[in-house]
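Open the model in your viewer and keep the sequence panel beside it. Each stop says what to select and what to look for there.

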Amino acid sequence: MIQTINSVFKAQQAHKYTLRNSNATQRINKLSALKSSIEKHEKDIYTALQNDLRKSEFESAVTEVIFIYSEIDFAIKNLSGWMEPQKVGKTITGLMATNRIYYEPKGLCLIISPWNYPFQLMMAPLVSAIAAGNCAILKPSELSSETSSIICRIIDDCFTEEEVCCFEGDASLSAILLSLPFDHIFFTGSTAIGKVVMEAAAKNLSSVTLELGGKSPTIIDDTADLEQAAAKIAWGKLTNAGQTCIAPDYILIPKTRQDSFIEHYKNAVTRMFFLADGELDLSSYAKIINKKHFERIEGLIEDALSKGASIPFGGKKKPSIQTIYPAVLTGLSEDSEIMKEEIFGPVLPIITYHTIEEAIHVVNRMSKPLALYIFSKNKKNIHQIIKNTSAGGTCVNDVLIHISNPKLPFGGVNASGMGSCHGQFGFKTFSHERAVVFQSRLDMSKLIYPPYEKKGWVLKWLRKLM
């Protein structure tokens, strides 16, 4: 395996110099070929996602496949404009100069993707890498093995190894790849592994983009429409059984509204994910990826209960099919483990507060989240929360939807990640913004050359112009 990886890496190192000269038409053709290959394998993708995560075809289509079609189409439509050198303003020493920003490919890129949205989270950065004119080596997650296999088949179908190559394997494969001097590394996964990736990248001074996660809070105030909020939160929390990096992780709500919210949430969950006979609809509700993660979530619930928490709704578990029913936790102790780590499951803790300032304090005492959600009709409260908190992205009176707009940057901050992806932001992530100055023959920079005697007037003139 090491010999094969080194061979592919060497081939891509050589080929990246060819790709850097590719034009918009050539890159668009590659994106079109990728889309065609995905279309050819679409049914296989749905089957793989069903087997890996028990995702319904509808959910897989919306959150994985159609999402990527949209990303490809948006890149194809806008790529020519993105590639154009950007004009920028002049300086005093270059009044006659022409200034441009050129977007050049970073070169040879490594993309490591996770298991929770295994197709989308591999293909989205790949689209950006191709649009920017890079070579890429892909390493999908071994935990979603069937989807990883389909991804590699799609790549083999439309790319040569010297341009894009996909390798399947476990953490030992990732370690081998991370030891190589890539020009850029794009990693999506946990904060803990993100630190490992960044440390490995530092040894080769490889630039990195980290799409991580964290505990994304949802603040509900006194003015929010609870029925509407509960429905949106139920969808956002329980899509993919809560295994979503931007899922609402916990709720902050006024104490007087807690019981009413729980009732609305229960009704929304029942309507969306349960059958008429009261059984969970397994055809529309995903499973936990594996036994390890099932037991981790189970342990978080048991720890919270042992410290005085209650489950007013849900909480049933079926280990044989790796299924945890939607659950709500209340009365949580501050030292509960479930309030210290990202849940990544269908359990919704609720914390009550008395003032907006108190809710903001709860958010700010934790690491900066990947997303923050606000449900309110009060503009003052909304802007107070936004101004006094930090998060990768925010939705007001909705959840998750910011990720679907390619005109918005998607990414984290500090512990929830660094760098942005999607649309032009993804194109820039995989590009180096190169400053280029075309100096005129009539330049003024000679005024600041030595000798400096009798040039005091130059400093006075410069200060007046500043």
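**Stop 1: Ser 144**

Select Ser 144. Is it buried or exposed? Its relative accessibility is 0%, under the 20% cut-off, so Ser 144 counts as buried. Bear in mind that this is a predicted model. Ser 144 sits in the loop that runs between strand 4 (135–139) and helix 6 (145–158).

Now show what surrounds it. Beyond its neighbours within four places in sequence, Ser 144 is in contact with Asp 52, Pro 114, Trp 115 and Pro 118. Leu 442 is 298 residues from Ser 144 along the chain, and 62 Å separates their C-alpha atoms.

**Stop 2: Phe 119**

Go to Phe 119. This residue lies in the loop between strand 3 (108–112) and helix 5. With a relative accessible area of 0%, Phe 119 is buried.

Which residues is Phe 119 in contact with, leaving aside its neighbours within four places in sequence? Select Ile 38, Ile 45, Glu 64, Val 65, Ile 68, Thr 147, Ile 151 and Ile 154. Phe 119 and Ser 60 are 59 residues apart in sequence, yet their C-alpha atoms are 9.1 Å apart in space.

**Stop 3: helix 5**

Select residues 120–131, which form helix 5. The helix has 12 residues. From first C-alpha to last it reaches 16 Å, close to the 16 Å expected at 1.5 Å a residue.

Next, colour by accessibility. How many residues of helix 5 are buried? The count is 12 of 12. Among them are Gln 120, Met 122, Pro 125, Ser 128 and Ala 131.

**Stop 4: helices 2 and 4**

Show helix 2 (residues 24–40) together with helix 4 (residues 57–83). Two packed helices are described by the angle between their axes and the distance between the axes. Here the angle is about 175 degrees and the axes are 10 Å apart. That angle makes helix 2 roughly antiparallel to helix 4.

On the helix 2 side, the meeting residues include Ala 24, Ile 28, Leu 31, Lys 35 and Ile 38. On the helix 4 side, they include Val 65, Ile 68, Tyr 69, Ile 72 and Met 83. What kinds of residue make up this contact? There are 13 nonpolar, two polar and four charged residues.

**Stop 5: helix 9**

Select residues 226–238, helix 9. Its 13 residues should span 18 Å at 1.5 Å a residue. The end C-alpha atoms are 17 Å apart, which agrees.

Look at the N-terminal end. Asp 225 caps it: a side-chain oxygen of Asp 225 lies 3.2 Å from the backbone nitrogen of Glu 227.

Then find the buried residues of the helix. They include Leu 226, Ala 230, Ile 233, Gly 236 and Lys 237. What do the buried residues of helix 9 pack against? Display strand 8 (217–220), strand 9 (250–254), helix 10 (258–273), strand 14 (347–353) and strand 15 (371–375).

**Stop 6**

Move on to Thr 239, in the loop between helix 9 and strand 9. Thr 239 has 6% relative accessibility and so counts as buried. A polar atom of its side chain lies 2.6 Å from the backbone oxygen of Trp 235.

Leaving aside neighbours within four places in sequence, Thr 239 is in contact with Glu 59, Thr 63, Tyr 117 and Thr 244. Glu 59 is 180 residues from Thr 239 in sequence, with their C-alpha atoms 7.9 Å apart in space. Also select Asn 240, which follows helix 9 and has a positive phi, near 60 degrees.

**Stop 7: backbone details**

- Leu 205 is in the loop between helix 8 (191–204) and strand 7 (207–211). Its phi is positive, near 50 degrees. At 77% relative accessibility, Leu 205 counts as exposed.
- Phe 344 is in the loop between strand 13 (327–330) and strand 14. Its phi is also positive, about 55 degrees, although Phe 344 is not a glycine. At 15% relative accessibility, Phe 344 counts as buried.
- Pro 451 is in the loop between strand 18 (431–438) and helix 15 (456–465). A cis peptide bond joins Pro 450 to Pro 451, with omega about 5 degrees.

Terms used:
Residues are numbered from 1 along each chain as its sequence is written. This is a predicted model: local features need pLDDT of at least 70, side-chain atom pairs count only at pLDDT 80 or more; totals for chains, interfaces and linings use all residues. Side-chain values use heavy atoms; hydrogens and water are left out. Helices (H or I, at least four residues) and strands (E, at least two) are DSSP runs, numbered from the N terminus. The expected span of a helix is 1.5 Å times one less than its number of residues. Buried means under 20% relative accessible area, exposed over 50%, partly exposed in between (1.4 Å probe, protein chains only). Contact means heavy atoms within 4.5 Å. A polar contact is a pair of N or O atoms within 3.5 Å; within protein, one must be able to donate a hydrogen and the other to accept it, and residues adjacent in sequence count only if both atoms are side-chain atoms. Axes are lines fitted to C-alpha atoms, for helices over the stretch in contact, and angles run from 0 to 180 degrees between N-to-C directions. Angles under 35 degrees count as roughly parallel, over 145 as roughly antiparallel, 65 to 115 as roughly perpendicular and the rest as oblique. Ala, Val, Leu, Ile, Met, Phe, Trp, Tyr, Cys and Pro count as nonpolar, Asp, Glu, Lys and Arg as charged, and the others, Gly among them, as polar.
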